[in-house]
Amino acid sequence: MAVRPGKQMRGRIKFIMISMILCLTLISSYSLVNIMIVKGDKYQSMASEQQLYDNVITAPRGNIYDRNMKFLAKSATAWTVYITPNGINKLTDEKKQETLRKVISENLSEILEMDYNDIFEKTKKTTYYVTVKKKIEKPVADKVRKFISDNSDLEMSSYVGLDETVKRYYPSDTLASTVIGFVGDDNQGLAGLESRYDNELTGVAGRVVAAKNARGTDMTFTYQKSEEAKQGNSIVTTIDSYIQYVAEKYLDQAVETENVQERGAVVVMNVNTGAILGMAVSDDFNPNSAFTLSAADQAKVDAVTDKEEKDKLKSELLNRQWRNKAVSDTYEPGSVFKIFTASTALEENLINLNSNFTCNYTYAVAGNTYHCHKKGGHGSQSLSQAIANSCNPAFIQIGQLIGSETFSKYFEAFGLTQKTGIDLPGEASSNYHKLEDMHSTELASSSFGQTFNITPLHTLTLAAAAVNGGYIVQPHVAEKLIDSNGKVVKTFSDSYKRQVVSESTSATMRQLLEYVVQNGAKNGQVAGYRVGGKTGTSEKVSKMLELGIKGLYIGSYVGIAPIDKPEIAVLVMLDEAMGGQYYGGAIAAPVGSKVMAEILPYLGYEPQYSEEQLKNMSVSVPDLTGNDIASAKQTLSNAKLSYKVIGSGEKVTKQLPVAGTNVYKGGTVILYTEDAEEATTVVPNLVGLTATEVNAAAAAAGINVEFSGNTSSPDLKSYSQSIAAGQTVAQGKVVTVNFREEAQADIAN
């Protein structure tokens with residue numbers, strides 16, 4: 001017979017059971033409170049990290065345009081390659097984990113041209129999203145997509161993906177690179193306009209939040225929230241791509257021909273508005289690969305073995321190629337600065353066109369003797385002759401008439417004590433004699449542009465003021481800001497800062513500077529146009545003393561056209577020319593002339609030639625292809641061109657030079673018929689010859705020539721040719737031959 005527990009025992013059992021239930025309830029409640037309340041934020045964040053994919057959508061930067069709305073910089077679609085290591089880590093099959101890591105690393109390292117080990121390490125991280133490579137272009141992105149689809153058996157789309165982003169492009173490569181600048185990896189502006197207007201160009205980033213599972217892939221249900229990115233404002237600049245191209249072309253030619261060691265610059269500015277139409281700096285860079293050195297500079301880096309020294313040199317060379325010499329470097333302007341001295345003295349009624357100055361080769365001030373570049377001196381000369389002769393003794397006399405106080409007052413009024421305020425980063429400050437430090441000797445040297453430093457932009461703005469009616473303009477590169485719909489957000493002012501000299505003084509300066517080009521700086525002449533200008537040559541005294549060497553000079557030139565109604569000023573600066581010539585009149589003025597000769601017609605200024613100039617002008621070769629030989633001969637005869645027929649056919653199938661090419665009158669056009677083989681010849685040496693001698697040598701070799709530069713005198717000799725002597729070319733090929741006056745002395749000492 002079973003024994004039933006007593007009433008007391010049943011009570012105990014019931015109590016124990018109730019107590020156990022209460023304990024379990026309390027423990028569960030505590031855990032829930034701990035999870036939901038005490039540590040709720042932590043666990044919610046962990047869950048969100050596993051379940052939500054939050055991606056920032058990079059906003060496209062605003063575009064940068066030239067003044068004709070041609071792209072200088074723009075943003076385009078690119079992609080970021082990413083992997084989801086968490087998805088791999090959570091696989092229970094270790095063999096599959098290893099297979100995935102190897103397949104991903106092998107393929108992505110090949111497609112993206114990256115190191116295998118670097119990618120392999122990324123696959124082992126403990127997060128769901130790791131960037132492998134940013135800003136890849138469509139062809140590479142397509143290869144990544146193919147890799148993902150080809151490995152669907154490994155569910156590769158769960159572990160490798162592509163996010164859309166933007167990449168900055170510079171369609172014209174090196175064109176105006178030191179002006180435009182470039183951006184870094186995160187699209188922030190690092191130089192040039194990209195840096196100066198970074199806030200305006202930067203857009204508003206977008207965002208995508210989407211549901212993901214623990215492996216980092218889309219969940220079976222859909223959740224996605226997005227905010228579109230907004231493009232930044234765009235800049236319409238004052239830069240004209242064609243003018244920029246012309247400036248860069250002739251600067252690069254000069255740097256090579258004259259063996260310029262410390263780079264050069266050409267700046268083209270509207271003298272009435274301060275708009276920069278072109279700003280060229282030699283040895284520039286491609287902003288699409290801004291951190292890549294030129295082959296020559298990379299060779300210098302590769303030659304260094306010490307890593308610290310190698311890194312230091314590379315950094316120095318990169319900063320050198322990014323540096324805008326026209327804005328960030330100062331120099332002693334030399335005789336170009338005589339524009340300032342003459343303008344100041346004229347405005348103060350201290351001199352006029354009837355003033356005379358005597359030059360006996362030397363001139364003494366406070367025990368210091370200064371020399372003229374002309375041995376024996378210039379004797380008695382008018383103001384026009386003194387500035388055309390670039391006579392230092394004459395301008396020392398003018399400076400002494402002005403006096404230190406007035407000189408300093410105008411130095412400040414012309415804006416030379418402050419930065420010009422151009423809208424580009426890194427503008428340098430002037431280094432000059434303060435009034436309290438400017439005694440008679442400092443005044444003497446300053447009068448002809450030595451012993452102080454200003455930027456090339458300072459020189460350009462003072463020259464503009466001297467000819468535009470006396471107004472200081474604000475040099476600028478940005479014309480206006482527009483939004484993504486093309487609506488103008490902001491317009492930058494072209495107004496003058498102030499007037500520093502009168503219209504009367506300015507008119508006299510225009511007359512003087514035209515006289516300079518006609519009688520002194522003849523290499524600055526431009527056929528068919530009235531041009532004014534001034535050359536300068538300055539010694540780099542400090543550097544020569546530091547290095548214990550001689551022969552370091554800066555040759556410069558400022559040209560203004562049309563001088564009767566000025567609009568365009570061109571500044572040319574060549575730093576340390578080692579090609580044999582270094583005077584500004586010999587090396588810089590020809591560059592200014594060539595730039596003017598191309599951009600003035602482009603800007604709509606019609607040339608007006610004298611009878612003498614018309615005689616020496618080149619002619620445009622007519623299009624003769626398809627004509628019968630007889631009519632082609634007649635057409636060439638009418639154009640005062642010679643001809644040579646190659647072949648025995650009846651029709652012209654090819655011609656050299658091609659239609660539209662300019663050749664010297666009397667040049668020969670080669671006409672090929674259908675059965676002809678191309679005839680070749682060897683280019684002769686055309687350097688060091690007069691125009692007549694060049695023509696004879698070219699005719700004998702069966703080539704054509706086009707003359708460039710100063711051909712004002714039949715005795716002038718050529719100094720360079722576009723195709724080197726000894727090269728084999730097709731008969732009829734056009735070789736450009738450059739002329740100049742060699743002895744254009746304007747150095748101050």
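Guide: The model is predicted.

Visitor: Is Glu 308 buried or exposed, and how do you know?

Guide: Exposed means over 50% relative accessible area. Glu 308 has 63%, so the residue is exposed.

Visitor: Why is the count of disulfides 0?

Guide: A disulfide needs two cysteine sulfur atoms within 2.5 Å, and by this rule the count is 0. For Cys 359, the nearest cysteine sulfur is that of Cys 391, 3.5 Å away, so Cys 359 is in no disulfide. For Cys 372, the nearest cysteine sulfur is that of Cys 359 at 3.8 Å, so Cys 372 is in no disulfide either.

Visitor: Why are Cys 359 and Cys 372 called buried?

Guide: Buried means under 20% relative accessible area. Cys 359 is at 1% and Cys 372 at 3%, so both names apply under that cut-off.

Visitor: What makes the bond between Asp 142 and Lys 138 a salt bridge?

Guide: The closest N and O atoms of Asp 142 and Lys 138 are 2.9 Å apart. The limit is 4 Å, so the pair qualifies. Asp 142 and Lys 138 are separated by about one helical turn, because they are 4 residues apart in helix α6, residues 138-150.

Visitor: How do you know that Lys 300 forms a salt bridge with Asp 297?

Guide: Their closest N and O atoms are 3.6 Å apart, which is within 4 Å, so this is a salt bridge. Lys 300 and Asp 297 are 3 residues apart in helix α11, residues 295-302, and so about one helical turn separates them. Lys 300 is partly exposed at 46% relative accessible area, whereas Asp 297 is buried at 10%.

Visitor: What makes the salt bridge of Glu 262 and Arg 320 a link between distant parts of the chain?

Guide: Glu 262 and Arg 320 form a salt bridge, with their closest N and O atoms 4.0 Å apart. Glu 262 lies in the loop between α10 (241-257) and β9 (264-270), while Arg 320 is in helix α12, 58 residues apart. Glu 262 is partly exposed at 28%, and Arg 320 is partly exposed at 24%.

Visitor: Which peptide bonds are called cis here, one from Ala 561 and one from Leu 656?

Guide: The bond from Ala 561 to Pro 562 is cis, with omega near -20 degrees, and the bond from Leu 656 to Pro 657 is cis, with omega near 0 degrees. Most peptide bonds are trans.

Definitions and conventions:
Residues numbered from 1 in each chain as written. Predicted model: local features only at pLDDT ≥ 70, side-chain atom pairs only at ≥ 80, totals over all residues. Heavy atoms only, no water. Buried < 20%, exposed > 50% of the residue type's maximum accessible area, 1.4 Å probe, protein only. Salt bridge = Lys/Arg side-chain N within 4 Å of Asp/Glu carboxyl O. Helix = DSSP H or I, 4+ residues; strand = E, 2+ residues; numbered from the N terminus.
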